[in-house]
Amino acid sequence: MSWPHRLPVRVYFEDTDAGGIAYHATYLRWAERGRTESLRAINLPHQLLIARYSSMLVVRRVEVEYVAPARLDDSLIVETRVLRSGGASVDLAQDVIGEGGGVKARLQVGLVCVRGEAMRPAPIPEPWRGVFRQAAMADGPARGPAETPAG
């Protein structure tokens, strides 16, 4: 798999408010699915990290910019890119993009690796660390949440 990872989603009735607009918290669920599926696509799922290293990648911080509403039955893509990778942390950019290419929401997500029942920060184990580092270098310069992709 190459980065960025793209996950198709659709806006279902359960995702919306009374007006048929995607509820703000729904974007967080879609982003979580995008992160989970991006790891699964490289054959390094969360479950393997837990089973082999007693470690997990947990959300430390999320920043969301809602750009345009997603509506009932819209087809969307959740695009996940690795921005930076450190010893125990990885920063991701996730865009929720409409069928026509318009951005609906931009998320900046900070993950930290924690180990064991104490949930203390720990270095990200290989091969996850290497994959994140390579993806961050391959993706080019980081884009801020207010910037628009070219094209």
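This report looks at the aromatic ring pairs in a predicted model.

## Overview

Let's start with the count: the structure contains three aromatic pairs. To follow along, remember that a pair of aromatic rings is described by the distance of the centres and the angle of the planes.

## A pair within helix H1

Take Tyr27 and Trp30 to begin with. Their ring centres are 5.2 Å apart and their planes meet at 75°, so this pair is edge-to-face, given that angles over 60 degrees fall in that class. Both residues belong to helix H1, which covers residues 26–41. They are three residues apart, or about one turn of the helix.

How accessible are these two side chains? Tyr27 has 3% relative accessibility, so Tyr27 counts as buried. Trp30 is buried as well, with a relative accessible area of 1%. The cut-off behind both labels is under 20%.

## A pair between helices H2 and H3

Now turn to Tyr53 and Trp128. The centres of their rings lie 5.8 Å apart with the planes at 90°, so here too the pair is edge-to-face. This pair links distant parts of the chain: Tyr53 sits in helix H2 (residues 46–53) and Trp128 in helix H3 (residues 128–138), 75 residues apart.

## A cluster of rings

Back to Tyr27 and Trp30: ring pairs join these two residues and Tyr66 into a cluster. When you view the structure, you can look for Tyr27, Trp30 and Tyr66 as one linked group.

Terms used:
Residues are numbered from 1 along each chain as its sequence is written. This is a predicted model: local features need pLDDT of at least 70, side-chain atom pairs count only at pLDDT 80 or more; totals for chains, interfaces and linings use all residues. Side-chain values use heavy atoms; hydrogens and water are left out. Rings of Phe, Tyr and Trp (its six-membered ring) pair if their centres lie within 6.5 Å; planes under 30 degrees apart count as stacked, over 60 as edge-to-face and the rest as tilted. Helices (H or I, at least four residues) and strands (E, at least two) are DSSP runs, numbered from the N terminus. Buried means under 20% relative accessible area, exposed over 50%, partly exposed in between (1.4 Å probe, protein chains only).
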